[in-house]
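Here is a short note for a colleague opening this model for the first time. Please read the points with the structure in view.

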Amino acid sequence: MKYYSRHCVKPGDLNPAQRLFGGQLLAWIDEEAAIFAGCQMGTPMLVTKLMSEIDFVSSACCGDVVEFGFEVVGIGQTSLTVHCEVRSKQTQQLIVQVEQIVFVALDANGKPTPHAKAGMTLEQARTATLREREVRERRLTG
């Protein structure tokens, strides 16, 4: 699993038990997973369709840095399914796991539409993502 982004837990993110509020963490997951899925699908025009069971394994406290890991686990014609894990940057301890988050690509009229990886197998999608990354890196290094 690759970890793509981080958030610092601040006082306003805490619940009365002085732990990271689950609702705040879910909002971060939805935003970060949507960015990841949009990059994979080749469009920012998408919606969250489903979040499967959410397993809160441990907690985070003020000052902790949490990091978000994502991987594609399913590809549909208009949808992409992502697995998510959030862990502590400092201890690597798992905080929460979401088995499946399903995103659907939308057209200009808000209707489901095929996306860039529609019809690919997981292996083909991973290979395409690696190629895209190599092209970006070549462009940056000139």
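1. R87 and E67 are both buried (buried is under 20% relative accessible area, exposed over 50%, partly exposed in between, with a 1.4 Å probe and protein chains only). Their side chains form a salt bridge, at 2.5 Å from N to O (a side-chain nitrogen of Lys or Arg within 4 Å of a carboxyl oxygen of Asp or Glu). This pair joins distant parts of the chain: R87 sits in strand β5 (residues 79-88), E67 in strand β4, and 20 residues separate them. Helices (H or I, at least four residues) and strands (E, at least two) are DSSP runs, numbered from the N terminus.

2. A word on the basis. This is a predicted model, where local features need pLDDT of at least 70 and side-chain atom pairs count only at pLDDT 80 or more, while totals for chains, interfaces and linings use all residues. Residues are numbered from 1 along each chain as its sequence is written, and side-chain values use heavy atoms, leaving out hydrogens and water.

3. E67 has another partner. The side chains of R6 and E67 meet in a salt bridge of 3.1 Å, N to O. R6 lies in strand β1 (residues 2-8) and E67 in strand β4 (residues 65-75), 61 residues apart. R6 is exposed, with a relative accessible area of 52%. E67 is buried, at 2%.

4. Now the loop between β6 (94-105) and α2 (122-141): K117 is there, while E132 is in helix α2, 15 residues away. K117 is buried, with a relative accessible area of 2%. E132 is partly exposed, at 35%. Elsewhere, salt bridges with shared partners tie R6, E67 and R87 into one network. The count of salt bridges comes to four.

5. What about the nonpolar core? The largest one holds 26 residues, and L25, I29, V66, F68, V86 and F103 touch the most other members. Such a core is a set of buried Ala, Val, Leu, Ile, Met, Phe, Trp, Tyr and Cys residues joined through side-chain atoms within 4.5 Å. Two or more residues come from each of α1 (22-41), β4, β5 and β6. The largest share, seven residues, is from α1.

6. Take F68 as a closer look. Beyond its neighbours within four places in sequence, F68 is in contact (heavy atoms within 4.5 Å) with residues including Y4, R6, L25, W28, I29 and V86.
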